[in-house]
Amino acid sequence: MIVPDSIKLMNNKIRSHCTTVLTGICALFLCLTALMNLTGCGHAKIDKISATDLCFDTIISVTLYGTPDEEAGLKALLDECMALCRGYDTLWNCRSEDSEIYAINHRAPGTKSMTVSPETADILAKALHFCELSDGVFDITIAPLSTLWDFTADNPRVPSENAISEALSAVDYRQIALDGTTLIFENDTACIDLGGIAKGYIADQLKAFLKENGQTSGYINLGGNILTLGSKPDGEAYVIGVQDPTGREGDAAFGLSVRDGSVVTSGTYERSFEENGRLYHHILDTATGYPIENGVASCTVLSRSSADGDALSTILFALGPENGQAILETLPDIEAIWILDDGTTVESDGAGAFVK
């Protein structure tokens, strides 16, 4: 994969990423047994090496396996992965005046279209696909509403009913369209928030980069979005623990056995606050403007693509098990597990094969 110049040339300043969903770093955690040696004569020692950074308003890490004599090469790959993440963060940071998303959201009144970079056009095309698939349950024009709620604030508060109503009136993905690298606007109010898909998309780009550079074993953790490369060096699957939404931070509800795949969870525990004895979480209903209340505490999606898992975890959380199963029937090789408020677990037909 050729790293785009528009990403390479981004400055390396770590910025806060405007996100709506999936930012809790303990939503998922890896339960990985260290592999220090392969059994049998003649096998080289196997080590793993990691890089960690702060990006997308969360902690990210990439871990790669290899032999000691590959250490320098692995470190170079990890450095490039971190640089890619910082570049994407700057490109799509809605708070940075240098970013494309900021330019889109602060365009001059009356602007009918804008040319965007190929990278931004690519993620917008994928995001709009999920907007259409979910009939707006997932909507990247949610920015006015997510900014209003601002779950990242030091003291978040419930907005007024009038403010929510006004923000909600600007949320409609059908007010934008994409033609190649041209983004077309139907009005002046549509603003974009890529927080519901950006981390998954970037994880996929990192994996493609690593594979094209010969890396076959490792894992990517972008704030709880887990994407694995192949299997462990001994051929075993990675075991990924899924956060118990009713437990303490780090408590696993169950484990998932994954090879060369993605695990993403959306849950009410990731970002929330209490006001007047009521819990408000960050997964917003694009129909009401308020946090979704449907009896679901979390939804975990297993997929090949992390971008797909990122968007679908939000969609399937919002739809719940019954309606979510109907969408899954149209999507091959994607499974989901819901945990309800009462602790009940509901699995899609093929999900049980991954549960440890």
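**Cysteines.** I looked up Cys85 and its closest cysteine sulfur in this predicted model. That sulfur sits in Cys55, 5.6 Å away, so the two are too far apart for a bond. I took a disulfide to be a pair of cysteine sulfur atoms within 2.5 Å. By this rule I count 0 disulfides. Cys85 is buried, at 0% relative accessibility; buried means under 20% relative accessible area, exposed over 50%, and partly exposed in between, with a 1.4 Å probe and protein chains only. Cys299 is buried too, with a relative accessible area of 0%.

**Ground rules.** I number residues from 1 along each chain as its sequence is written, and side-chain values use heavy atoms, without hydrogens and water. Local features need pLDDT of at least 70 and side-chain atom pairs pLDDT 80 or more, while totals for chains, interfaces and linings use all residues.

**Helix 6.** Next I checked residues 161-168, which form helix 6. Helices (H or I, at least four residues) and strands (E, at least two) are DSSP runs, numbered from the N terminus. Which residues of helix 6 are buried? I found Ile164, Ala167 and Leu168. Helix 5 (143-149) is part of what covers the buried residues.

**Whole protein.** I noted 8 helices and 16 strands. Of the 356 residues, 55% count as buried.

How values were computed. Contact = heavy atoms within 4.5 Å.
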